[in-house]
Amino acid sequence: MTDRRPLIGVTTQSLQAVEGIPPAFPASWVMNRMYLDALARAGAAPILLPLLPEQPEVMRALYERLDGLLLPGGVDIEPSNFGEAPHPLLRRTDPPRDVVELQLARWALEDGMPMLGLCRGLQILNIAAGGTLFQDVQAQRFGSQKHDYEPPEHTRDFLAHEVELVSGSRLHALVGAASAPVNSMHHQGIQRLGTGLTATAHAPDGLIEAIEGAGSAFAVAVQWHPESLEPNDDVSRALFREFVVAAG
């Protein structure tokens with residue numbers, strides 16, 4: 001017998017939300033396998049979660065079987081989720097994913113289920129806690145630097161900038177240093193921080209790059225993509241490992 005691996009749910013994205021997918025393709029759910037590979041190497045048993053916003057009882061049944069929740073990266077979030085109209089620079093969205101992820105994140109916050117948010121996942125966690133977003137950081141936040149170092153112009157492991165870590169945070173303890181280099185593939189970002197959340201890392205321009213929930217439960221989210229760095233980066237591996245340990 002092997003030790004039981006904690007079951008980590010990873011949310012998915014609607015195939016039709018991906019740019020270039022013909023509308024005639026059958027409705028499907030997809031997700032980058034790098035998230036699952038990183039979780040498996042950290043000791044978890046990862047599974048993909050469907051997007052069934054019209055069946056909340058099914059989503060709840062799935063949620064109750066999980067030991068942890070990972071909210072991955074993806075397309076933009078509908079601004080109606082934080083009380084705003086769309087900005088002209090808003091990109092593709094996935095409304096069913098928004099509904100499912102916000103509900104799962106709220107349940108996890110209420111129950112203290114270990115949760116890790118990555119890029120879009122940080123933004124979902126912030127909205128779930130009552131926060132808001134810049135729909136386009138450079139257009140809406142004075143003095144902001146470029147944050148969307150995305151393929152094909154850049155590789156997914158391109159280290160775009162450093163983040164300054166807040167002393168005493170889980171992230172600071174995990175990194176063991178005052179700063180760390182990160183990749184950056186986003187154009188949205190936190191505007192108003194959600195209730196009960198603490199900012200634990202900032203970009204050189206001051207934009208919030210990591211958040212943590214209050215209390216002892218593991219609720220950590222970062223604005224970068226550690227799943228793309230994990231194969232060759234000790235800090236990224238440690239982040240996944242600590243999350244999996246908390247879920248176990």
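# Briefing: aromatic pairs, pockets and a buried histidine

A search of the whole structure finds 3 aromatic pairs. The model is a predicted one.

**Aromatic pairs**

- A pair of aromatic rings is described by two values, the distance of the centres and the angle of the planes.
- Tyr 63 and Trp 107 form a tilted pair, with 5.4 Å from centre to centre and 45° between the planes.
- This pair links distant parts of the chain, since Tyr 63 belongs to helix α2 (residues 56-63) and Trp 107 to helix α3 (residues 95-111), 44 residues apart.
- Tyr 63 and Trp 107 are both buried.
- Tyr 149 and Phe 158 also form a tilted pair, with centres 5.7 Å apart and 40° between the planes.
- Tyr 149 has a relative accessible area of 18%, so it counts as buried, the cut-off being under 20%.
- Phe 158 counts as partly exposed because its relative accessibility is 32%, which lies between the limits of 20% and 50%.

**The largest pocket**

- The volume of the largest pocket is about 790 Å³.
- Its lining consists of 25 residues, and those closest to the centre are Gln 13, Gly 73, Gly 74, Val 75 and Arg 156.
- Sorted by class, the lining of the largest pocket holds 9 nonpolar, 9 polar and 7 charged residues.

**The second largest pocket**

- The second largest pocket contains about 210 Å³ of space.
- A set of 15 residues lines the second largest pocket, and Pro 181, Leu 229, Asp 233, Val 235 and Ser 236 lie nearest its centre.
- Two or more lining residues come from each of these elements: α6 (170-175), β9 (179-182), α7 (226-229) and α8 (234-247).
- The lining of the second largest pocket is made up of 12 nonpolar residues, 1 polar residue and 2 charged residues.

**His 187**

- His 187 sits in the loop between β9 and β10 (189-190).
- With a relative accessible area of 6%, His 187 is buried, because buried means under 20%.
- The side chain of His 187 makes a polar contact of 2.7 Å with the side chain of Asp 76.
- A polar atom of the His 187 side chain also lies 3.4 Å from the backbone oxygen of Gln 135.
- Apart from neighbours within four places in sequence, the residues in contact with His 187 are Asp 76, Leu 89, Arg 91, Gln 135, Asp 136, Val 137 and Asp 148.

Notes. Residues are numbered from 1 along each chain as its sequence is written. This is a predicted model: local features need pLDDT of at least 70, side-chain atom pairs count only at pLDDT 80 or more; totals for chains, interfaces and linings use all residues. Side-chain values use heavy atoms; hydrogens and water are left out. On a 1 Å grid over the protein atoms alone, a cavity is a set of points where a 1.4 Å probe fits but cannot get out, and a pocket is an open set with protein on both sides within 12 Å along at least five of seven lines; lining residues have an atom within 4 Å of a point. Grid points are joined across faces, edges and corners, and a volume is the space filled by probe spheres set on the points. Ala, Val, Leu, Ile, Met, Phe, Trp, Tyr, Cys and Pro count as nonpolar, Asp, Glu, Lys and Arg as charged, and the others, Gly among them, as polar. Helices (H or I, at least four residues) and strands (E, at least two) are DSSP runs, numbered from the N terminus. Buried means under 20% relative accessible area, exposed over 50%, partly exposed in between (1.4 Å probe, protein chains only). A polar contact is a pair of N or O atoms within 3.5 Å; within protein, one must be able to donate a hydrogen and the other to accept it, and residues adjacent in sequence count only if both atoms are side-chain atoms. Contact means heavy atoms within 4.5 Å. Rings of Phe, Tyr and Trp (its six-membered ring) pair if their centres lie within 6.5 Å; planes under 30 degrees apart count as stacked, over 60 as edge-to-face and the rest as tilted.
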